[in-house]
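Subject: Structure for you, with notes on salt bridges

Hello,

Here is the structure I said I would pass on. My notes on its salt bridges follow below it.

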Amino acid sequence: MPDQATTVPGLFVACFKIGSLSFGGGLSGWVHREFVQRHGWITDEEFAANLAMAQMFPGVNVVNLVIGLGELLRGPGGAVACLIGFLTTPFFAVLALDGLTRLVADTRGLEAFMEGVAFAAIGMLVVVCGQGIARVRHSPMGLATIIVIAGSVGVLGWSMLPVVLVAAPVSIAFANARIAVDGG
């Protein structure tokens, strides 16, 4: 049960919080925490489906994600609220950080800070991947799809678009077949 009604202002506040408090990447983990775990606005399955869709479109994946979730929950107004809420703080932060980095561009402290932020972002990404794998652990075809895509793109270095264009319909067909067999 959601802890508050899903409203356009509520979506704005949630995305403003994510945009204000998250740094350096791993943002899909923050979105998951707010939309699924904290508020209960969507299920894990809805999040995974929207994340997959967001990753297929050009642009910044997490921006695509919050727009899609806003649209899902409150239509065009929700999409706009999520987008503006999510990007407001980072917009001004980038301007401020640009000025600051120009002042300290040649210091080792800046390099160490940026490396630490990158490690934190990778950690958040690993958590989200682990949660996705846990969701499909009882589905041999789901696990096979993950392995094939990760191996094709991550190991063999194939382009993401052709791999997804082939794997998505196959994966959807397997999921539909499983749903038909399970009766629901």
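R38 and E34 sit in helix α2, 4 residues apart, which is about one turn of the helix. The two form a salt bridge, with their closest N and O atoms 3.3 Å apart. Please keep in mind that this is a predicted model.

E34 also pairs with K17 in a salt bridge, where the closest N and O atoms are 3.0 Å apart. K17 belongs to helix α1 (residues 8–21) and E34 to helix α2 (residues 27–38), so this pair ties together parts that are 17 residues apart in sequence.

On accessibility, E34 has a relative accessible area of 5% and is therefore buried, the cut-off for that being under 20%. K17 is partly exposed at 30% relative accessibility, and R38 is partly exposed at 42%.

Another salt bridge joins R102 and D98, again with a closest N and O pair, here 3.0 Å apart. Both residues are in helix α4 (residues 61–104), and because they are 4 residues apart, about one helical turn separates them. R102 is exposed, with a relative accessible area of 62%, whereas D98 is partly exposed at 34%.

Through shared partners, salt bridges join K17, E34 and R38 into one network. The count for the model comes to 3 salt bridges.

Regards

Terms used
Residues numbered from 1 in each chain as written. Predicted model: local features only at pLDDT ≥ 70, side-chain atom pairs only at ≥ 80, totals over all residues. Heavy atoms only, no water. Salt bridge = Lys/Arg side-chain N within 4 Å of Asp/Glu carboxyl O. Helix = DSSP H or I, 4+ residues; strand = E, 2+ residues; numbered from the N terminus. Buried < 20%, exposed > 50% of the residue type's maximum accessible area, 1.4 Å probe, protein only.
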